[in-house]
Amino acid sequence: MNTRRDVFEYALVRVVPRVERGEMFNAGVLVYCRAKSFVAARTHLDEAKLRALDPEADVAGVRAALRAVEGVCAGGGGAGQAAGEDPGKRFRWLIAPRSTVVQPGPVHTGLTADPAAEAERLLDLLVR
């Protein structure tokens, strides 16, 4: 059986509780596959890590930012200004660097037959 594998791109979503210190940890993954018109975010916030880096961190604010990333990927009403954009443009918008607590990491590439399963695999491997 020949399973077709397509190129996909991914970036980690990092939490940087105190930008001035530069300490960070992974809290999610963004996955984009042009061939499948697929973009998704999977997130997982480790509150213990967040509090270890900043005991005064705004946990609810970080959770809201991670939900917003997921919303942009999902499109529709939860995507805000990006609602009408195609998956590639939403991915590019999310990977643009910003000086905030929730930041994208560098983009990497790979091959996959199932981008949704790849998102879950990367979340387990690189975040949880």
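Which residue in S4 stands opposite valine 7? The views below show a predicted model, in which local features need pLDDT of at least 70 and side-chain atom pairs count only at pLDDT 80 or more, while totals for chains, interfaces and linings use all residues. Residues are numbered from 1 along each chain as its sequence is written, and side-chain values use heavy atoms, with hydrogens and water left out.

**View 1. The pairing of S1 and S4.** Valine 7 stands opposite leucine 111 in S4. Strand S1 covers residues 6-15 and pairs with S4 in the antiparallel sense over nine bridges. Strands pair if DSSP finds at least two bridges between them. Helices (H or I, at least four residues) and strands (E, at least two) are DSSP runs, numbered from the N terminus.

**View 2. The open sheet.** Four strands with antiparallel pairing lie in the order S3-S2-S1-S4. Strands S3 (38-43) and S4 (102-112) are the edge strands, and each pairs on one side only. From one strand to the next, the twist averages 20°.

**View 3. Helices on the sheet.** Helix H3 (residues 87-95) lies across S1, S2 (25-33), S3 and S4, at about 155° to S2. Helix H4 (residues 115-126) packs on the sheet and touches S1, S2, S3 and S4; its direction makes about 160° with that of S2. Axes are lines fitted to C-alpha atoms, for helices over the stretch in contact, and angles run from 0 to 180 degrees between N-to-C directions.

**View 4. Valine 13.** This residue is in strand S1. Beyond residues up to four places away in sequence, valine 13 touches several residues, including Phe25, Leu66 and Val102; contact means heavy atoms within 4.5 Å.
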